[in-house]
Amino acid sequence: MIRASVACASAVAAVLVSPAAHTAAVPCGDPGASAGNARAITAALVSGRDVWGESLLAARGGPTLAGVRRFLSPLLYARGPRGQRLTASGVYYLPFAAPPGAAGTSRTHLHVADGSELIGGRVGGRSLTIFVGDGTERYGSCLGRLVPARLEDGWLPVLETGYEDAQGAQYRQESFAAETSFVSLDVDARAATGDVEVRLAPSDGQPLVVTVPQGTTRDVTFAWPPLKPVDADTYGRARDALVRRWRSRLDDGAQISVPEPAVQDAVRALLVQELVLGWRYSIGNAYEELSFPEGPDLASVMGELGFADVDRAILETSLTRSSSGYTSWKAGERLLDSAIYFRTFRDRAYVDRATPALEGFLASLEHAFDRDGHGLLARERYSADIPDAVFGTHAQSVAWAGLRAMGDVWDETGRPALARRAHDLAARLEPGLRAAIHASERRLPDGSLFVPARLLDDEQPYESLVETRLGSYWNLVMPFALSSGIFPAGGTEAQGILRYVLGHGSRLLGLVRAGAYALYGRSAPFPVSGTDEVYGVDVARFLADGEQADQLVLSLYGILGAAMTPDTFVAGEGASVAPLDGLGHRAMYLPPNSETGAAFLETLREMLVHETATGGLELAFSTPRAWLAPGQRVAVERMPTSFGPVSFSIAVAADGRSAHVGVALPSRRAPKHAAIRLRLPAGATRTIDLTRKRGAVSFDVRLASR
C-alpha cells in the first residue's frame with residue numbers, strides 16, 4: 001500500500017484481531033431486520049408526526065448525527081428497476097474521475113464500495129472483479145469481515161476498505177481513478193492458514209493471478225483498463241496528482257468551515273460528486289440524464305456555493321432539452337433559475353445567449369394562459385410518473401415566480417419589451433392562481449392548512465401523506481410551490497401549510513417521506529414506505545423562509561445520518577425505511593443521485609447564508625447550537641449572494657464568555673436588512689443587526705457568564 005490513512009489502518013486493526021481464531025465464527029450474510037426494530041419502524045411510519053425527529057428536537061442539545069443514526073441501519077445496497085441489484089454484489093458504487101469541465105463527465109470509473117469490483121463507465125459494461133483467499137472468495141463478500149468503506153482524509157475520491165478472508169489473511173485496499181482506475185491491495189498472509197491467491201478477473205480478458213505465500217506480506221498494485229501491474233512510484237504519482245487537482249478544484253468555490261468533521265467531510269465529498277456528475281441526475285445507470293425540474297434546481301445550488309461555471313453549464317444544457325410533458329413547469333424552472341444565476345453573477349453574456357430560448361418559454365406560457373376561463377395556465381401532466389392533466393399548484397407557482405424574476409432581468413439588461421410581456425403575464429396569472437388556491441384549500445380541525453397539488457379538482461386532505469400514491473406525490477411536488485414565494489414567508493397560509501406538513505406524515509428524521517414505490521413496488525401496503533430527499537432542496541428554502549432553524553438542523557443530520565451512506569456520502573433517489581426483503585442494511589434506488597446531495601448542500605447553505613424574500617441577508621441564523629460551544633468556530637468565505645460575495649466568521653472563546661465576529665459584507669448592493677445570529681448552547685440566542693454596516697466589520701460579543 002503506498003499510503004494508507006491512519007484512520008483506515010486503525011479501523012482494520014481494530015476489527016481484524018486474531019483472524020485465525022475467529023474467522024469461522026463471523027456471520028457473513030446480511031444481518032437481517034430484527035422483529036423489534038421492524039416494530040419500532042412501523043410505529044414511526046404509522047404516525048402522522050415525525051416522532052423520531054421530535055424526540056431529537058426535544059433532547060438536550062437538539063438533533064445530532066449520532067442521535068439520527070440510532071434509529072435506522074446504514075444504507076448499503078443499490079437497486080435498479082424492478083428491484084434488480086445494480087452491481088454484482090448488490091452494494092452501491094462511487095463514481096470516480098479526475099476533475100472534469102463545468103458540465104461534468106460521463107467518462108467515469110465506478111468503484112463498488114465493498115471493494116469487490118471496478119466497473120468501466122456504466123453498470124452492465126466491462127468490469128473487473130477482485131478475488132482473494134483461495135482465489136474464489138470475492139473480496140468483501142463476507143460482510144462480517146469487511147471494514148466498511150470510507151474516503152481518504154474523510155472526503156477525497158480515494159476509496160479505502162479492509163477485509164479478512166476465510167483463511168485469516170488480512171487486506172487493506174485503496175482505489176481511485178483518473179483516466180484509468182488504480183488499486184493498491186495490501187495483503188497480509190502472516191496469520192493465514194494457507195497461501196493466498198489474489199485473482200483479478202476482468203470481464204473481457206485473462207485474469208491476473210498473484211500468489212502470496214503463507215506467512216508473508218505483499219502489496220499488489222495494478223491499473224485497469226487494461227489490466228496491468230504498476231509499480232509503487234507510478235501508483236503514488238498518479239494518486240498524488242489526482243489529490244492535488246481535486247483540492248485545487250474545490251478551492252474555486254466558496255469555503256465553509258464548521259467544527260463538525262462529518263459535516264465538513266460531507267460538504268467536500270458531495271462537491272466532488274456534483275462536479276463529476278455535472279448536469280446528470282445520476283451516473284453509470286438508467287438515470288444518467290438531465291432531469292426536470294431537478295436539474296435547474298441543482299444548477300442554482302452549485303452557483304450558491306461558488307461554482308458559477310457549473311451553474312451556467314447545467315442551465316445551458318437544460319435550454320437544449322425538450323419541453324414536452326409538463327411544459328409550463330419546465331418553462332418556469334428555466335426562467336426562474338436563469339434569473340437567479342444572473343442575479344447572483346451578473347453574467348450578461350449568458351442572458352444574451354439564453355434569451356432566444358427563454359423567449360420561447362415565455363411564448364409557450366403566453367399560449368397556455370387562460371384557455372378555459374380560470375385565469376390559469378393550461379392543464380398539463382402532473383409529473384413524470386403521474387400522467388393526469390392538472391392545474392398543478394407546483395407548476396403554476398414556479399411559472400409565476402419565473403416570469404417575475406426573468407422579467408426583472410430583461411428589464412435590467414435592456415430588453416423592455418420582453419420584460420413587459422413577462423411582468424404582464426405574471427400579473428395576469430397571479431389573481432387566477434390565488435383564487436384557485438383559495439377555492440381549493442381546506443382548513444383542518446387541527447388548525448393546519450391543506451393546499452392541493454391539483455387545483456380545482458376537489459383533491460381532499462391526506463390524513464397521512466404516504467398512505468396513498470397521490471399523497472406521496474403531493475409531498476414530492478409541493479415543495480416547489482412552497483419555495484416559490486406564492487405563500488409569503490411568515491403569513492397565515494405558510495404557517496398553516498407548515499403545520500400540515502409537520503402533522504400529516506410529510507417528514508421522518510427531517511427527511512422528505514415518500515412511498516418509495518421503485519423499491520417496494522406499487523402494491524406494498526401502508527405503512528411500508530421510505531424517503532426521497534431529492535425534494536429536500538426546496539423544503540430547505542421553505543423552512544429557511546419561515547425561520548425554522550431547528551427543523552433545518554434536523555434535516556441536515558437526517559440527510560447525513562439516514563439518507564446517505566456513512567463515510568462515503570452516496571445517496572439514491574429514494575431510500576428504504578421499512579425493512580426491504582428482510583434485509584438489515586437499507587437500500588437506495590439508482591445511486592448516486594446529484595439532487596439528494598444538493599439537498600444536503602442547500603440545507604447547509606440556508607443555515608449559514610439565507611436571502612429573504614424581502615431583500616434581507618441572514619447570516620448563521622440556523623447553525624446547530626453545539627457549533628458555537630466554547631472554543632468552536634464557524635466561518636464562510638466568498639459565498640455568492642445577489643448582493644455580492646459575503647464572508648463571516650464566529651469564534652467563541654475557550655471560556656465561552658465572549659465571541660469574536662468578523663463579517664465582510666457584500667459590496668455590489670446593500671441588503672435592505674442584514675443580521676448575524678449566534679445560536680449558543682443551552683438555548684441562548686444573540687442577533688446582531690448589520691443593516692447599517694458596510695465593508696469589513698469585526699467586533700466582540702459578550703456572552704452569558706459561566
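Colleague: Where does P226 lie in the secondary structure?

Modeller: P226 lies in the loop between β13 (217–224) and β14 (228–229). Strands are DSSP runs of E with at least two residues, helices are runs of H or I with at least four residues, and both are numbered from the N terminus. A cis peptide bond joins P225 and P226, with omega at about -10°.

Colleague: What kind of model is this, and which atoms and residues are counted?

Modeller: This is a predicted model, in which local features need pLDDT of at least 70 and side-chain atom pairs count only at pLDDT 80 or more, while totals for chains, interfaces and linings use all residues. Residues are numbered from 1 along each chain as its sequence is written, and side-chain values use heavy atoms, leaving out hydrogens and water.

Colleague: Which other peptide bond is cis, and where is its proline?

Modeller: F526 and P527 are joined by a cis peptide bond with omega of about 15°. P527 has its place in the loop between α16 (517–520) and β23 (530–531).

Colleague: What makes R249 a buried residue, and which residues does it touch?

Modeller: The relative accessible area of R249 is 12%, so R249 is buried. R249 is found in helix α6 (residues 232–250). Contact means heavy atoms within 4.5 Å. Not counting residues up to four places away in sequence, R249 touches P99, L275, F307, D309 and V310.

Colleague: How do you know that the side chains of T413 and R415 make a polar contact?

Modeller: A polar contact is a pair of N or O atoms within 3.5 Å; within protein, one must be able to donate a hydrogen and the other to accept it, and residues adjacent in sequence count only if both atoms are side-chain atoms. The side chains of T413 and R415 are joined by such a contact of 3.1 Å. T413 is found in the loop between α12 (393–412) and α13 (416–440). With a relative accessible area of 11%, T413 is buried.

Colleague: Why is G662 called buried?

Modeller: G662 has a relative accessible area of 16%, so the term buried applies. G662 belongs to strand β30 (residues 658–664).

Colleague: How do you know that the radius of gyration agrees with a compact globule?

Modeller: The radius of gyration is taken over C-alpha atoms, and the globule rule is 2.2 Å times the number of residues to the power 0.38. For 706 residues a compact globule would have a radius near 27 Å, and the protein has 26 Å, so the values agree. Buried residues make up 61% of the 706 residues.

Technical notes
Buried means under 20% relative accessible area, exposed over 50%, partly exposed in between (1.4 Å probe, protein chains only).
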